[in-house]
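Please read this short report beside the sequence and the 3D view. It moves from the whole chain to single residues.

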Amino acid sequence: MVDRYKVCRMTCRCSCGVGCVVRIFHSALVLGVPISLLFIDSGLKEALVEFKDPVYGIGYVLILTLSLVLYYLACFVEPGYVQKQKKSGNNNIAYEDSSSEDEEAQMMNKDKESVYRYCDFCEMEQPMRSKHCEDCKKCVRRYDHHCPWLETCVGERNHKYFWLFLAVTCILILWTFLITWSSFKYQLTWKEWFKSNIVLLIDMFVLVFGGMSVIGLFCFHSYLMIKGITTWEMVSRERITYLKYFDYDFNPFDEGCIKNIYYFLTSDKVKRWEVTYEKKANIGKRKKNIV
Ligand SMILES: [Zn+2]
Ligand SMILES: [Zn+2]
């Protein structure tokens, strides 16, 4: 018992340490490129240091700040860890819809063995769309993925901050790319050109590789948001008990793109996915009947 406690404490400390390193590295990367542009002849230096275009400069600083704020919100907003439910009484969980407990209970009895999963680590029945994360050591509601860049899970509660972070960071990277591109100086020889543009070349390297990842992820997560599906459900569909019986193009959690986007960006409450599933599941063509 004592040993298990020690191991747990060591794991937590290690995890916090990795989180700090990753977050400091991210902040250094996001701040490093613009700061370097302030020390060479660039549009950003003209706007912010020489005050030739303060509106342009303030606009850039606002986008930069917003990108960092959204990154830290995605890191620190609790992703939706599942708490063990009490057998009776109020669990203090704010649910998104007003469906009755009876409706959910009815659903839970039906097809229970086929669609519900039991988490051996947390020793409880998982709510639909939840998955146990081995890094966080908890079950996460509407699990998307464990993000090493945030060093936390992306789930029901912080997925919107993750998507907003990607959206704002795309704008920041494209804006910084334009400033960097227009700052290159012409020189008569390649040697002189490399010498006078070395900082811009390093910035370009960071922007191109960072930009490809961020823009790719932004497009992918926008698709997931519109379709009302998660990364985990998309890549592991054949292994997920409540999805594998349906045709590949049928998603029982798809409520139409407007409703999907609205829920994704606005809801702060727990949704009873069991109820949505029950309403839509009969529409889908099942590959084989659930008995
Ligand atoms: Zn679990
Ligand atoms: Zn996790």
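## The whole chain

The protein chain has 10 helices and six strands. Both are DSSP runs numbered from the N terminus: helices are H or I with at least four residues, strands are E with at least two. This is a predicted model, where local features need pLDDT of at least 70, side-chain atom pairs count only at pLDDT 80 or more, and totals for chains, interfaces and linings use all residues. Residues are numbered from 1 along each chain as its sequence is written, while chains are lettered from A and ligands numbered from 1 in the order in which they are written.

Buried residues make up 25% of the 291 residues in the protein chain. A residue is buried if 20 or more other C-beta atoms lie within 10 Å of its own, exposed if 12 or fewer, and partly exposed in between; C-beta atoms are placed from the backbone. Contacts also tell a story. Two residues are in contact if their C-beta atoms, placed from the backbone, lie within 7 Å. Among contacts between residues at least 6 apart in sequence, 68% join residues at least 24 apart.

## Helix 3 and the UniProt record

How far apart are the end C-alpha atoms of helix 3? They are 32 Å apart. Helix 3 covers residues 54–76, which is 23 residues, and at 1.5 Å a residue it should span 33 Å, so the two values agree. The expected span is 1.5 Å times one less than the number of residues. Buried residues in helix 3 are Tyr60, Ser67, Leu70, Tyr71, Ala74 and Cys75. An α-helix has 3.6 residues a turn, so residues three or four places apart point the same way.

An unreviewed UniProt entry lists residues 20–40, 55–77, 161–184 and 204–226 under "transmembrane region". UniProt positions are given in the numbering used here, feature names are shortened, and annotations may be inferred rather than shown by experiment. In the model, residues 20–40 are 90% helix and 0% strand, with end C-alpha atoms 30 Å apart. Residues 55–77 are 96% helix and 0% strand, and their end C-alpha atoms lie 32 Å apart.

Helix 7 (residues 190–227) packs against helix 9 (residues 257–266) at an angle of about 115°, with the axes 7 Å apart. Axes are lines fitted to C-alpha atoms, for helices over the stretch in contact, and angles run from 0 to 180 degrees between N-to-C directions. The angle makes helix 7 roughly perpendicular to helix 9. Angles of 65 to 115 degrees count as roughly perpendicular, under 35 as roughly parallel, over 145 as roughly antiparallel, and the rest as oblique. Helix 7 contributes Met225, Ile226 and Lys227 to the contact; helix 9 contributes Cys257, Asn260, Ile261 and Phe264.

## Residues in loops

Ser130 sits in the loop between strand 2 (124–125) and strand 3 (131–133). Is Ser130 buried or exposed? Ser130 is buried, because 24 other C-beta atoms lie within 10 Å. Val82 is 48 residues away in sequence, yet its C-alpha is 8.0 Å from that of Ser130.

Most residues other than glycine have a negative phi. Phe51 has a positive phi of about 55°. Phe51 lies in the loop between helix 2 (43–48) and helix 3, and it counts as exposed, with 9 C-beta neighbours inside 10 Å. Lys137 also has a positive phi, near 60°. Its loop joins strand 3 and strand 4 (138–140). Lys137 is partly exposed, with 14 C-beta neighbours inside 10 Å.
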